[in-house]
Structures are given as C-alpha cells and as structure tokens.
Amino acid sequence: MDLRIFTEPQQGASYDTLLRVAKATEALGFDAFFRSDHYLKMGDGDGLPGPTDAWITLAGLARETERIRLGTLMTAGTFRLPGVLAIQVAQVDAMSGGRVELGLGAGWFAEEHAAYGIPFPKEKFGRLEEQLAIITGLWETKVGETFDFDGTYYQLKDSPALPKPLQQQIPVLIGGVGAKRTPALAARYASEFNLPFVSVEQSREQIGRVREAAQQHGRGADDLVYSNALVACVGKDDAEVARRAAAIGREVAELKENGLAGTPDEVVAKIGRYAEAGASRFYFQILDLDDLDHLELISSRVAPQLG
C-alpha cells in the first residue's frame, strides 16, 4: 500500500517550506510528495506569502530529492495550454530522473482565475478531453515524426512533439465523482484514478464505475491504481488529535467522519475500510506544513501497520 503526502500551498507556504516537507517526506519513507495547483487561498487565513506555481515548485524539488515521486492533484487544465504543459512535465521528468506524475483536471475555482486574469471558459470538460489527447499524443509520437491535432478547442500542426519524458510513460491521474464522462475519460487515459475527499461508500461506487469503464474500453480493471485523498489529523492520543485539529481550524468529530483522523489505530482502521472499497494508495492531505512531527507519527505508527 502506497502512502503519499499531499500539500495545499495556496493556503500559505513558501518554496522553502515545501522543500522542508518534501525532504521530510523522502526521509520518512513515504512514496511521493504531491501538491495542489491553485493560485488563491480558500477560506480563512491570509495565504501569505502568496502562491507558488506547481510545476516551478516541482522542478526545484526534482533537483533536491532523490527517490520520491512528484506530482499534482490536480493541475488545472485552465492554467496552461496543453502543448506547453507537455513540455513542462517532460522537462521536470528529466530533471527528476523519471519520477514525475501528472494529475490533470478541468479547473473549477473561478475566483482564482479572476484574481490573476486567467480565462475561465464555460466548457471545461471538453477542453480537458482534448488536453489529455494532445499531451499523451505528443509524448507517444516517435522521434522524427510529427503530431497534428484538429479539435474544437485546440489545433496543432506539424509539431515535432519534443521533448520526450524520461519515463517511457508518465503516469496520468484523473479523478472526480462524475458518473459517466469521468470514468470513461479515466478508462482512456489514466494510470491512476483518484477520489478526493469522499466517503467509503462513494469510493466503492465510483471505483466500480471506473473498473467497468476500463473493461468496456478493452483494459483490465486492475490496470489502474485506485486512490483516495483525505485530510490527515493524526495524534498519539485524543489531546494531540484535538491540538492538530485546532491548528487547522477544524473540528475533531468532522475530521473523523470525513478524513483520516484520530489515533494511529483509528486511522489504520479507516484506511482498511477504504482499502476494502478498492483503494490501494492514500494521499494524506497535510494542512499544517510546519508540523513535521505529524509526518513522523504517520510514518512510525501508521505506515508499519499497513505493510
């Protein structure tokens, strides 16, 4: 079972803070460091010192880490043209020695687009479909050949489709709870299907839909990795759980219902229920990035119980 660390830097984190967390992630034996792709804080807080760009951050971390996988949950399709994103991800993959994964979503947070002058189109899912076709098509085009695409939203002509990623196939993550189009898109393009902040029962239902869609597309249902992203609030005892919940402005009862919260034993039991629903990879969303003891506790008291 893979355990990964997932951060939300738009809530307030410098690159140096993210570097410390990424290095702790690697030192403590986690599988990967992932981050969101947002430019504006959500909810309370001042968001200082301001946003950091996801792929610039990952480029820096690629040179500062050695083992952990690096990626996004999720890169917003509205932020970047697909040809440019294909170049960026391939370059960071080379910089990391082949450790990059691309989570790609349609984009949804209208306010951040308005705040930084980023167009926010009405039709986003259709654009995402074309983006996935373009990015994977560029990477799969043989060296010396060209790539063309004539879509509704994007057109490419005689692209040299360079550079190539270092990995033969960069893992692509797709996620969400849409009942029809999302599973179909995952069946076509995804190496991993991710469910963000949903219940065990919702996970079971959606994983079932994606497994069925994969088979209808001619793939094995087990060709995809199925994962959950959940807020983490783990403590050695109830007092420490309460302290960590207060630090992120959340209630313990709510976190226990909706996240991975409680003592290590409680969290292991909760993970077991998600695993029974079909998940084999878990992203611990860490909201207090100054609390590295939190990561150490998960590493020393949760991970060993999961094998």
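**Opening question and basis of the report**

Where is Met-74 found? Met-74 is found in the loop between strand 3 and strand 4, where helices (H or I, at least four residues) and strands (E, at least two) are DSSP runs numbered from the N terminus.

The model is predicted, with local features requiring pLDDT of at least 70 and side-chain atom pairs counting only at pLDDT 80 or more, while totals for chains, interfaces and linings use all residues. Residues are numbered from 1 along each chain as its sequence is written, and side-chain values use heavy atoms, with hydrogens and water left out.

**Helix 2 and helix 3**

Helix 2 (residues 54-64) and helix 3 (residues 82-96) pack with their axes 8 Å apart and at an angle of about 15°; axes here are lines fitted to C-alpha atoms, for helices over the stretch in contact, and angles run from 0 to 180 degrees between N-to-C directions. Helix 2 and helix 3 are therefore roughly parallel to each other, on a scale in which angles under 35 degrees count as roughly parallel, over 145 as roughly antiparallel, 65 to 115 as roughly perpendicular and the rest as oblique. The crossing of helix 2 past helix 3 is left-handed, a term used if the near helix is turned anticlockwise from the far one by less than a right angle, with right-handed used if clockwise. On the helix 2 side the contact (heavy atoms within 4.5 Å) is made by Trp-55, Leu-58, Ala-59, Ala-62 and Arg-63, and on the helix 3 side by Leu-85, Val-89, Val-92, Met-95 and Ser-96. Divided by class, the residues of this contact of helix 2 with helix 3 are eight nonpolar, one polar and one charged; Ala, Val, Leu, Ile, Met, Phe, Trp, Tyr, Cys and Pro count as nonpolar, Asp, Glu, Lys and Arg as charged, and the others, Gly among them, as polar.

Within helix 2, the residues Ala-54, Trp-55, Thr-57, Leu-58, Ala-59, Leu-61 and Ala-62 are buried, where buried means under 20% relative accessible area, exposed over 50% and partly exposed in between, with a 1.4 Å probe and protein chains only. The elements that cover these buried residues include helix 1 (15-27), strand 2 (32-35), strand 3 (69-72), strand 4 (75-76), helix 3 and strand 5 (100-105).

**Helix 5 and helix 6**

The axes of helix 5 (residues 125-140) and helix 6 (residues 181-189) cross at roughly 5° and come within 11 Å. That crossing makes helix 5 roughly parallel to helix 6. Phe-125, Gly-126, Leu-128, Glu-129, Leu-132, Ala-133 and Thr-136 in helix 5 meet Arg-181, Thr-182, Leu-185 and Tyr-189 in helix 6, and by class this contact of helix 5 with helix 6 has six nonpolar, three polar and two charged residues.

Glu-111 has its place in helix 4 (residues 110-116) and is partly exposed, with a relative accessible area of 48%. Ser-203, in helix 7 (residues 200-216), is buried, with a relative accessible area of 0%. A polar atom of the Ser-203 side chain lies 2.8 Å from the backbone oxygen of Ser-199. Setting aside residues up to four places away in sequence, Ser-203 touches Leu-195, Val-198, Asn-228 and Tyr-274.

Leu-255 lies in helix 9 (residues 252-258) and is buried, with a relative accessible area of 1%. Again not counting residues up to four places away in sequence, Leu-255 touches Val-231, Cys-233, Ala-245, Ile-248, Arg-250, Leu-260 and Ala-261.

**Backbone geometry**

Most residues other than glycine have a negative phi, and most peptide bonds are trans. The bond joining Leu-73 and Met-74 is a cis peptide bond, with omega about -20°. The peptide bond from Leu-162 to Pro-163 is also cis, with omega near 0°, and Pro-163 is found in the loop between strand 7 (155-159) and strand 8 (172-175).

Asp-158, in strand 7, is not a glycine and yet has a positive phi of about 55°; Asp-158 is partly exposed, with a relative accessible area of 47%. Ala-161, placed in the loop between strand 7 and strand 8, has a positive phi of about 55° although it is not a glycine, and Ala-161 is buried, with a relative accessible area of 2%.

Technical notes: A polar contact is a pair of N or O atoms within 3.5 Å; within protein, one must be able to donate a hydrogen and the other to accept it, and residues adjacent in sequence count only if both atoms are side-chain atoms.
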